[in-house]
Amino acid sequence: MRKPLLTGSPLGTLFSSASKIAQAVALAAAGMLCTASSPAQQPRPRITSSIDTTSRATIPGSHPNAARSENEGGRMTSSAKLQGVSIVFSRSAAQEADLQALIAAQQNPSSPLYHKWLTPDQFAARFGMADADIAKVQSWLQQQGFAVDRVSRSRNRISFSGSVAQVEAAFGTELHYYKSGTETHFAPASDVSVPAALAGTVQTVTNLSDFRPKPHVKIRQPQVQPRFTSSQSGNYYLTPKDVATIYDINAAYHAGFTGAGQSIAIVGQSFVETSDITNFQSAAGLTPKAPTLVLMPGTGASAVSSGDEVESDLDLEYASSIATGANIYFVYTGNSGNAGVFDALGYAIDNKIAPILSISYGDCETDLGSSDYNSLNSVFAQATAQGQTIISAAGDDGSADCAENTNLTTAQRTALAVDFPASSQYVTGMGGTEFPASAVATTNNTYFSAQGSSDTISSALKYIPEQVWNDSSPANATSTGNGLSSGGGGVSTLTSRPSWQAGIAGIPSGTARLVPDISLDASPANAGYLYCSSDTNATGVTGSCSNGFRDSSNTSLTVAGGTSFDAPIFAGMLAIINQSKNSSGQGLINPTLYTLAASSSTYATAFHDITSGSNACAPGATYDLPTTPASTLTCTAAGSAGYSAGTGYDEASGLGSIDLYNLLTAWPTSSASTLAASTTTLSAATTTPASGASDTITITVAPGSSTQATVPTGTVSITVDGTAASSSPTLSNGTATYTFSSTTAGSHVIAATYSGDSIYAGSTSTIDLIVGASFSLAATNVTVTSGGTGTSTVTVTPSGGYTGTVNWQVSTSSTALANACAAINSVSVTGTAQVTAALTLSTSATCASASAVGSTGKVKRVLLTGSLQSPADVPGSSPYKSAPLGVALAGLLAFGFLRRRSSRTGWSLLTICLLGVLALSLSGCGSSTPVSTSTTTSTNIAAGTYPVTVTGTDSANAAITASATLTLTVN
């Protein structure tokens with residue numbers, strides 16, 4: 001049975017009726033609403049009595065549904081520590097009504113508040129808790145023995161740390177372990193409670209569990225070996241350039257729109273290697289541009305999580321490769337366990353890191369529960385009021401979104417369900433389509449270029465008709481490796497029907513939110529997307545994108561599908577739309593999407609109506625699921641029959657897919673669009689200032705177009721870690737400075753927001769500084785006989801609280817070492833002690849063979865002359881020789897080509913060729929295509945002394961780096 005809709009809660013509705021919109025507009029016109037630029041006075045205190053734990057109030061729905069009593073594995077150790085636990089406050093009834101009226105006015109083109117967004121500080125002043133209430137709760141938490149970590153910028157939550165025993169005593173519950181298959185989690189054994197004095201203000205207590213959302217990606221297993229659009233097989237796999245052709249993004253590029261001046265924040269719960277993203281961009285024929293990594297404070301150390309890493313890799317790759325001019329931020333959580341992607345999303349909202357937010361994770365509503373739903377939806381409402389657009393994948397298990405959640409009962413797993421956050425009224429939910437198998441058959445060259453003498457990166461010729469994605473196969477499926485493989489969609493049990501979801505052919509009567517809103521190709525089979533990832537455990541491939549899109553053996557490709565691709569792709573599309581409209585943010589875009597779709601002429605040109613297929617889980621069929629351990633699921637006729645496509649809107653594909661350029665052309669403009677675009681950039685004297693040292697931040701505001709000559713004027717507001725600075729610098733000749741100083745070690749995000757003037761619209765940018773965190777290097781000299789191998793001990797000495805992974809680059813100024821080779825492990829620094837790495841130097845003429853310095857097979861040889869040749873097993877010329885070899889090689893060195901982290905593989909080897917600093921185009925050592933050595937002869941390194949420089953760079957922040965020079969003596 002479905003859960004009842006939360007129609008009585010103000011969080012359950014947005015635009016619940018046309019009359020509410022009219023009332024909001026009337027209030028705005030009458031001046032009864034606070035303007036975006038003039039927030040209301042300090043909220044009134046709501047905690048009116050002393051906080052006494054003897055009288056308590058239970059928070060319904062705060063016990064996770066996945067924590068089932070039959071899976072209990074015992075009570076947690078009372079001394080175990082938890083960090084990042086948060087008390088989340090609700091808004092008062094008056095505040096909630098005010099917020100809903102404001103959001104309605106912000107989305108109404110007739111309102112004077114249309115697209116007048118709040119800053120996080122304005123939101124806090126208007127909708128947060130009173131300072132007196134914050135102080136009372138902080139004091140109470142400290143009395144319970146907790147360490148208060150921080151108060152959110154929006155002043156609606158307090159984060160703290162403490163022991164399990166302290167948590168249990170303060171919140172009236174026990175924390176237990178729960179086992180399901182091979183996984184063990186912890187969670188409250190019952191609903192939590194709070195002192196009665198807080199009952200009217202506390203919405204929930206979060207991060208008392210380590211159940212985390214799962215990524216929405218369908219990795220094609222086994223990985224494919226035929227080359228894409230290949231000279232051998234003719235198989236078709238999508239790249240960003242194919243996406244640009246199919247969905248008419250190229251026309252926007254030709255008009256000059258690339259997302260320049262816009263920002264997108266991707267959220268995740270694992271560290272990523274930025275070289276994976278830049279390798280992907282290079283393989284796709286694009287200019288490499290690494291994302292900015294932002295580790296959420298208080299969530300533990302940066303660490304890799306298999307499965308999550310591959311998700312974030314592809315999210316970053318496709319967002320950056322669609323909006324090629326946009327700034328991409330990756331906001332992620334550390335290894336604390338009880339923090340996850342929803343926390344990262346909340347942090348990106350609380351600090352307004354970017355106007356576009358993309359999340360490829362979710363949880364089926366059955367598992368989510370009302371407490372988490374209300375607290376998360378409350379944060380999404382804040383994003384909407386701040387002008388941030390949230391785009392979310394709608395799930396990959398069709399109409400049975402809970403299917404892979406083995407923590408739930410069989411009945412819950414087979415029932416109809418939709419995915420959250422896609423089901424939120426503040427979120428744009430992305431469903432999935434696919435191309436008919438006949439359209440991607442190797443014998444059909446209607447939609448892709450024909451097989452030729454060479455591989456082709458961009459082979460799609462035009463738009464390909466779509467159908468609802470449903471590759472679900474019964475037990476022992478082999479086509480995708482996933483039993484259930486279909487676009488999520490259906491009817492929400494938690495969110496009421498928003499008023500904008502009406503007036504479109506195909507929308508049924510009812511009171512519930514329908515999912516999805518729009519769809520794009522998501523099939524791993526028809527046709528899958530190429531991507532790059534170091535997450536070998538998830539991909540089953542070693543050295544993904546070591547050779548263009550191919551692996552280290554120059555054969556296999558990493559291919560996947562899922563609505564995980566749709567969210568970042570559409571985020572990139574929206575950045576292009578925002579640039580074209582000179583918009584600093586659109587907020588909730590669903591009213592605009594549905595309004596445009598309501599026009600038959602616009603719908604015919606800007607949307608592709610999907611009229612065939614369904615997302616059904618076939619009744620009676622048994623499906624293999626990629627759970628841990630593997631499991632099966634039999635769908636029932638009464639449960640998850642699913643939804644079929646039809647004319648107009650349907651729960652299987654939403655409004656359909658889009659033609660981006662036509663959608664961009666039809667998209668309405670806001671008042672800000674009459675202003676010229678501006679760009680804001682930040683630079684620092686150093687991105688790794690010492691503790692307590694002053695660091696000068698230079699803010700530069702420039703015209704967004706070369707046709708504008710007037711210098712922007714106005715002021716710039718500064719926030720540090722979400723807290724507003726005391727002053728707003730005034731621009732002088734387009735620049736301003738801000739002096740930063742902190743004694744708190746770790747990452748600090750500095751955000752600058754330009755106010756705009758009579759000519760230019762506002763813009764924003766951020767920079768990440770690492771305080772007090774650095775390391776120094778020392779390396780011992782090496783003496784060997786010619787042709788021999790020696791080892792230098794490289795010592796890493798951390799300071800200022802530095803922790804992280806150090807990757808390496810080795811270089812020399814001596815041309816005599818051009819044929820020498822080196823190998824060194826990446827190292828992880830986890831404490832204050834020194835860490836060493838062994839640098840192996842080989843002076844043999846045969847060092848290019850694996851046996852020279854190990855058995856990894858990754859050592860390559862450098863040739864000072866000759867040209868890059870095609871691999872012997874690929875006929876014709878290589879499609880990857882697009883960049884000058886010297887430039888490509890420098891990029892590979894800078895990002896640590898072929899590195900693997902010891903945190904995931906146990907032992908990982910970075911192999912590097914010692915290169916001369918020469919004004920020559922060099923080849924080898926991890927270039928996109930291996931060098932043929934069949935015609936090359938060389939000798940061992942001659943006797944002499946040679947300088948060798950070892951440079952270590954933090955894997956997450958390239959600004960943290962150090963070098964050491966050693967002497968190699970060859971006898």
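1. Strand S31 (residues 695–703) pairs with strand S34 in the antiparallel sense over 6 bridges, where pairing requires that DSSP finds at least two bridges between the strands and where strands (E, at least two residues) and helices (H or I, at least four) are DSSP runs numbered from the N terminus. Within this pairing, Thr696 stands opposite Thr739 of S34.

2. A word on the basis of these remarks: this is a predicted model, in which local features need pLDDT of at least 70 and side-chain atom pairs count only at pLDDT 80 or more, while totals for chains, interfaces and linings use all residues. Residues are numbered from 1 along each chain as its sequence is written, and side-chain values use heavy atoms, with hydrogens and water left out.

3. Taking a disulfide as a pair of cysteine sulfur atoms within 2.5 Å, the model contains 2 disulfides. One joins Cys364 and Cys402, with the sulfur atoms 2.2 Å apart, and because the torsion about the S-S bond is about 105 degrees, this disulfide is right-handed. Cys364 lies in strand S16 (residues 361–364) and Cys402 in the loop between strand S17 (389–393) and helix H13 (410–414), so the pair ties together parts that are 38 residues apart in sequence.

4. The other disulfide is formed by Cys532 and Cys545, whose sulfur atoms are 2.0 Å apart, and with -75 degrees about the S-S bond this link is left-handed. Cys532 sits in the loop between strand S24 (529–530) and helix H14 (536–539), whereas Cys545 sits in the loop between H14 and strand S25 (559–561), 13 residues apart. Both Cys532 and Cys545 are buried, as are both Cys364 and Cys402, buried meaning under 20% relative accessible area (1.4 Å probe, protein chains only).

5. Leaving aside residues up to four places away in sequence, Met573 touches Tyr247, Ile249, Ile322, Leu520, Ile658 and Leu660, contact being heavy atoms within 4.5 Å.

Conventions:
Buried < 20%, exposed > 50% of the residue type's maximum accessible area, 1.4 Å probe, protein only.
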